[in-house]
Amino acid sequence: MDDWFPQALKLTTRAIEVGGIAIIVLGTLGATLAVLWQLLQGRGLDDIFGLYRSNIGRAILLGLEFLVAADIINTVAIEPSLESLLILGGIVLIRTFLSFSLEVEIEGRWPWKRHRSEPGDKGRGPGSLAVDGADLRS
């Protein structure tokens, strides 16, 4: 390979990592501004809390996706060793668990039950924590 290619991959990986961090930071700031706006509009605290958690969770999920992509590029293209592959596997497992947990928090149900509507689901919005009819907040 030419000398420029590994450098270009490192810069690409760094740019994707910065993008992931920026998404999390800007998403948190945006969610905070939205909550402040909702408070000024006189909306109830319970509604605002659910909206805030939901918006922050979405920002973290999207940011994590970018960070995982950067780790994959770094491991596969830049440092292809068994040790870096094992480290990547651990990172992906941890981030996948975080993503899964956040999705359950945001959607209020298990991901595999997303397309199935249950009679008790009516009226539950984002941030609701009911899974299989049980409220996860209790």
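Where is the place of threonine 75? Threonine 75 sits in helix H2, which covers residues 45-78. I'll come back to that residue after the overview.

What you have on screen is a predicted model. The protein chain has three helices and two strands. Going along the sequence, the order is α-α-α-β-β. Of the 138 residues in the protein chain, 25% are buried. The accessible surface is about 9,300 Å², and carbon and sulfur atoms account for 66% of that. On contacts: take those in the protein chain with a separation of 6 or more, and 59% of them link residues 24 or more positions apart.

Now helix H3, residues 82-107. How far apart are its end C-alpha atoms? They are 37 Å apart. The 26 residues of helix H3, at 1.5 Å a residue, should span 38 Å, so the two values agree. The buried residues in H3 include Ser84, Leu88, Arg95 and Ser99. Val104 and Ile106 in H3 are buried as well. Just after H3 comes glycine 108, with a positive phi of about 80°.

Back to threonine 75 in H2. Is threonine 75 buried or exposed? Its relative accessibility is 9%, and the cut-off for buried is under 20%, so threonine 75 counts as buried. Which residues does threonine 75 contact, leaving aside its neighbours within four places in sequence? They are Pro80, Ser84, Leu85 and Leu88.

One general point on helices. With 3.6 residues a turn in an α-helix, residues three or four places apart point the same way.

Notes. Residues numbered from 1 in each chain as written. Predicted model: local features only at pLDDT ≥ 70, side-chain atom pairs only at ≥ 80, totals over all residues. Heavy atoms only, no water. Helix = DSSP H or I, 4+ residues; strand = E, 2+ residues; numbered from the N terminus. Buried < 20%, exposed > 50% of the residue type's maximum accessible area, 1.4 Å probe, protein only. Contact = heavy atoms within 4.5 Å. Areas by Shrake-Rupley, 256 points an atom, 1.4 Å probe, with all protein chains shown as cover. Expected span 1.5 Å × (residues − 1).
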